[in-house]
Amino acid sequence: MANQPRSVRRVLSLDGGGIRGIIPALVLAHLERQMGAPASELFDLIVGTSTGGILALGLSLQNEQGGSFLAAKSMVTLYERHGAKIFERSLWRKLRTAGGLFEEAYSHEALEKVLHKYFGDKTMGDCKTPVMVTSYDIERRKTIFLKSWHQDHSELLCAEASRATSAAPTYFEPVKLQWAEQSRTLIDGGVFINSPAVSAYAEACKLFPDEPIAMLSLGTGELTRPIPYNNANTWGSALWIMSLLDCMLDGASQAADHQMRLFLGDYYLRLQIQLHHASDDMDDASRGNIRNLKQAATDLIEREEDALQRFLALDAPSELKGVAP
């Protein structure tokens, strides 16, 4: 008798983008409402960078009853209620840091307070769905992938891992974490991989060998502001810093998207939207911009509703059905 068809292993990949993380959070809140199930049940692996890493950790946790510990709508609230506190700069700090030139633009204390409020004492080992977030060790010059199933990482607090993956240079100071009796100095994983889709796919292949994989990759809004030659050709290093960081993050995400389309074809869905009205600044948590980002998310959901439903209905490729695992 033929074996039963194998179900697809679904992977969720979440980009970095600061306050713009409210866009994927709203997409996932919509998905959870439509499916009547938390993201931790809809996906077999969740991977995120920076703000996407915070989302990934939150969505992968379950409460004692098996429901969401932090549903996607709770993560939306994090951006709405606390974004302005996290990205708050007093006049004194603006003067002291010269707008972030001589010191990080924002205090890490507000960010850490919010992360501990939401995650409490939950550890990465508490994550019911396998989750991975990215960071970078500036002392060892080494890429870091924090994995909930890794023995060395399982005791790390989710709040600590969130802080590490979101310690964006010029925005927040690095964070020191320790595991396996070694101390690490970590910054935002977006410096090398703003869209973790390719790494998520590689990890899924190791976790689920010989099983069909489908991936949903969620962006945080695409930059549309041009950098005119007449402006850039007179910039020195100070003026290039912020624009260069934006170019690196956006370019890396576009490259990962191209690669994943080649790897998975129809089993890969990328949701991204151009920010024509909302600011593409990662730290613009003003009330008006939050409203514009929410509208961008609404537009994205309406545009991609059918594609989302097709993604969730994907079955194993016909050539794999009935094949013994």
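**Chat: a helix pair and some salt bridges**

User: Hi! At what angle do helix α4 and helix α6 pack?

Analyst: Helix α4 (residues 72–86) packs against helix α6 (residues 108–119) at about 155°, and their axes are 10 Å apart. Keep in mind that this is a predicted model.

User: Thanks. Roughly parallel or roughly antiparallel, then?

Analyst: Roughly antiparallel, because angles over 145 degrees fall in that class.

User: And which hand does the crossing of α4 and α6 have?

Analyst: Right-handed, as α4 passes α6.

User: Which residues make the contact?

Analyst: On the α4 side they are S74, T77, L78, H82, K85 and I86. From α6 come A110, L111, V114, K117 and Y118.

User: How do those contact residues divide into nonpolar, polar and charged?

Analyst: The contact of α4 with α6 has six nonpolar, three polar and two charged residues.

User: Nice. Switching topic: how many salt bridges are there?

Analyst: The count comes to eleven salt bridges.

User: OK, let's take D15 and R270. How far is N from O in that one?

Analyst: The side chains of D15 and R270 meet with an N to O distance of 2.8 Å. The pair links distant parts of the chain, 255 residues apart. D15 sits in the loop between β1 (9–14) and α1 (22–35), while R270 belongs to strand β8 (residues 268–271).

User: Are D15 and R270 buried or exposed?

Analyst: Both D15 and R270 are buried.

User: What about E139 and K176, where do they sit?

Analyst: E139 is in the loop between β3 (131–137) and β4 (142–147), and K176 is in strand β5 (residues 175–179), 37 residues apart. Their side chains form a salt bridge at 3.4 Å, N to O.

User: Why does E139 count as exposed? And K176, buried or exposed?

Analyst: E139 counts as exposed because its relative accessibility is 52%, and the cut-off for exposed is over 50%. K176 is exposed too, at 53%.

User: Got it. Which helix holds R261 and D257?

Analyst: Both lie in helix α10 (residues 237–264), four residues apart, or about one turn of the helix. R261 and D257 form a salt bridge, with the closest N and O atoms 3.2 Å apart.

User: How accessible are R261 and D257?

Analyst: R261 has a relative accessible area of 45%, so it is partly exposed. D257 is at 16% and therefore counts as buried.

User: Last one: which residues are joined into one network?

Analyst: That would be R9, D44 and E211, joined by salt bridges that share partners.

Note on methods: Residues numbered from 1 in each chain as written. Predicted model: local features only at pLDDT ≥ 70, side-chain atom pairs only at ≥ 80, totals over all residues. Heavy atoms only, no water. Axes fitted to C-alpha atoms, helices over the stretch in contact; angles between N-to-C directions. Helix = DSSP H or I, 4+ residues; strand = E, 2+ residues; numbered from the N terminus. Parallel < 35°, antiparallel > 145°, perpendicular 65-115°, else oblique. Left-handed = near helix turned anticlockwise from the far one by under 90°. Contact = heavy atoms within 4.5 Å. Nonpolar A, V, L, I, M, F, W, Y, C, P; charged D, E, K, R; others polar. Salt bridge = Lys/Arg side-chain N within 4 Å of Asp/Glu carboxyl O. Buried < 20%, exposed > 50% of the residue type's maximum accessible area, 1.4 Å probe, protein only.
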